[in-house]
Amino acid sequence: TPAGARPALHARLARCLTMRGVRVGGGEIGAHYAAAGEPLRAALRDLREADAALSGGDYPTALALYSRAEALLPRDGRAVDARRAEAAAGQALASWGVGQVSKAADFARGALAAIDRCLGRGDPRRGGDRRRWLTFLGRGGAMPVRARAALLRASVVRAEAGLFCGDLRSMLAGNLASVRIAARADAQAEARARGMCTLGLLLGLARLDPVASLAYRAASRTLDGPHIAYSCASEGVWRLAFGSWSRAEACLARAAAYLGTASNPQLAEVIVTLRALAAQFQGRWPEAEALFRQLEIDARLRGNDLHVAWGIYGAAMPMLHTGRCSEAAAAAAAAHALLRPTGDRQSQLICLGVSAQASARLKDFEAALEFAEQGVALALTMPPLNFGSLEGYAGPAAAALVAAGDPEATPTLRDRANRLIPTGLRVLTDFARVFPIGRPRLLALRSLASPSRADSLAAAAARESARLNMAGERWGASWIDATRMTP
């Protein structure tokens, strides 16, 4: 075929495939348009196919297509800025689907920047948050439909990334924006579900129980079948954070039922994670470990390193509580290595807490205190936003108390441990103030740090663990024996 005829052949083939409705994957039609010298049409086709891949749970394909569409779009024009925002917001959701939290947050910021250019075109002073909020209030002119859809997606990712990165400001700002847009009838169903459910969770964590319940009921009424699963799973998180195990597990069962066979592997794996944590906190160690291992297997099959890491360090927690400290230490180290590129700081904190406790029980006090110091430093940089981070917030104080009380530790290490104990207990106190499930551990550790009040604090820890039905926390006065279990 003469080289000069190839663009025309590519264009004809692309139009023929489109007109006949032939299903081809991987952006083939967009590639033909690009080869035909029609980059804008190629980009629009890629965006459409990327949306379909995202809805079907094929996050790597969606990410590749959104990225190619973004590269093909022209560089100027209000309509192009709306499309660029659409591509960046799609990249944010697809990146989240493959576990790349930091990249998802970066793409969300890119989408917001494109929306600002779209809204403030011709007047730089009219861009930014002020312009967006004027638009929300109906006094800033019209927002293009595609820009509004991109803003909803980007705001959802901003809020969810804030949760995992320990950024409360981004979490609140992103959720406020997403809920404001989600109220519109034309809002995308999944993004609307995620935005409304994050609002319910925030209200629940703020102990505004009646309002949170209303928010979840409203979400369920406005969502369709599979998307109701988001509402049920989010309410499950709220119930788990406060130790309402039976209600939480009922919510998770409903979430799994509503999700059914829908192509949403990300949410399916989150539900498995929450079920595993429910078993973990109630002391059902074999069940928790089995669920976490299943999570790891499922996540490996689709290449989500974040969820693989959740499965690995999740299994390390029951190992720690059943005395398999060498295995727990190895698992936490492997998970931490996977987590570093993802940006999930809450999970990194959990790995440090598990590593600190495992090393202390193995009498490697130098390593234990190193992990504990890193954990405290990280915990001090972010508020406790994740109920599953108990081992991360408790680990530094637990490891320091073991090292300080063990005669095999050198005087230098014992002094170092004693200096760490107050700060370690402070970060755990902050966690327990938000999440009641942290109180039994806090009281038990305080019983070790306060010999004069050891008996009363240990008894209080036992009562609190019984009240919350947390069998795994029922150490009481014998907690020190539990921390020194044989590796």
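The second largest cavity of this predicted model has a volume of about 60 Å³, where a cavity is a set of points, on a 1 Å grid over the protein atoms alone, at which a 1.4 Å probe fits but cannot get out, and a volume is the space filled by probe spheres set on the points, joined across faces, edges and corners. Because the model is predicted, local features need pLDDT of at least 70 and side-chain atom pairs count only at pLDDT 80 or more, while totals for chains, interfaces and linings use all residues. Residues are numbered from 1 along each chain as its sequence is written, and side-chain values use heavy atoms, with hydrogens and water left out.

The second largest cavity is lined by Leu54, Ser55, Gly57, Tyr59, Leu93, Glu190, Arg194, Ser263, Asn264 and Gln266, lining residues being those with an atom within 4 Å of a point. Helix H3 (39-55) and helix H10 are the elements that give two or more residues to this lining; helices are DSSP runs of H or I with at least four residues, numbered from the N terminus. By class, the lining divides into three nonpolar, five polar and two charged residues, with Ala, Val, Leu, Ile, Met, Phe, Trp, Tyr, Cys and Pro counted as nonpolar, Asp, Glu, Lys and Arg as charged, and the others, Gly among them, as polar.

Of the 37 residues that line the largest cavity, Leu163, Phe164, Val237, Val270 and Trp310 are the closest to its centre. Two or more lining residues come from each of helix H8 (145-165), helix H10 (189-205), H12, helix H14 (265-281), helix H16 (305-321) and helix H18 (345-361), and H14 provides the largest share, six residues. This lining has 24 nonpolar, ten polar and three charged residues.

H3, H8, H10 and H12 each give two or more residues to the pocket lining, with H10 giving the most, four residues. Nine residues of the pocket lining are nonpolar, five polar and three charged.

Turning to the aromatic side chains, the structure holds seven aromatic pairs, that is, rings of Phe, Tyr and Trp (its six-membered ring) whose centres lie within 6.5 Å, with planes under 30 degrees apart counted as stacked, over 60 as edge-to-face and the rest as tilted. Tyr216 and Trp238 form a stacked pair, 6.0 Å centre to centre with 20 degrees between the planes. Since Tyr216 lies in helix H11 (residues 209-222) and Trp238 in helix H12 (residues 225-241), the pair ties together parts that are 22 residues apart in sequence. Both Tyr216 and Trp238 are buried, a term for under 20% relative accessible area, with exposed meaning over 50% and partly exposed in between (1.4 Å probe, protein chains only). Arg239 lies over the face of Trp238, at 3.8 Å from the ring centre, where the rule asks for NZ of Lys or CZ of Arg within 6 Å of the ring centre and within 35 degrees of the ring normal. Trp96, Phe164 and Trp310 form one aromatic cluster.

Note on methods
On a 1 Å grid over the protein atoms alone, a cavity is a set of points where a 1.4 Å probe fits but cannot get out, and a pocket is an open set with protein on both sides within 12 Å along at least five of seven lines; lining residues have an atom within 4 Å of a point.
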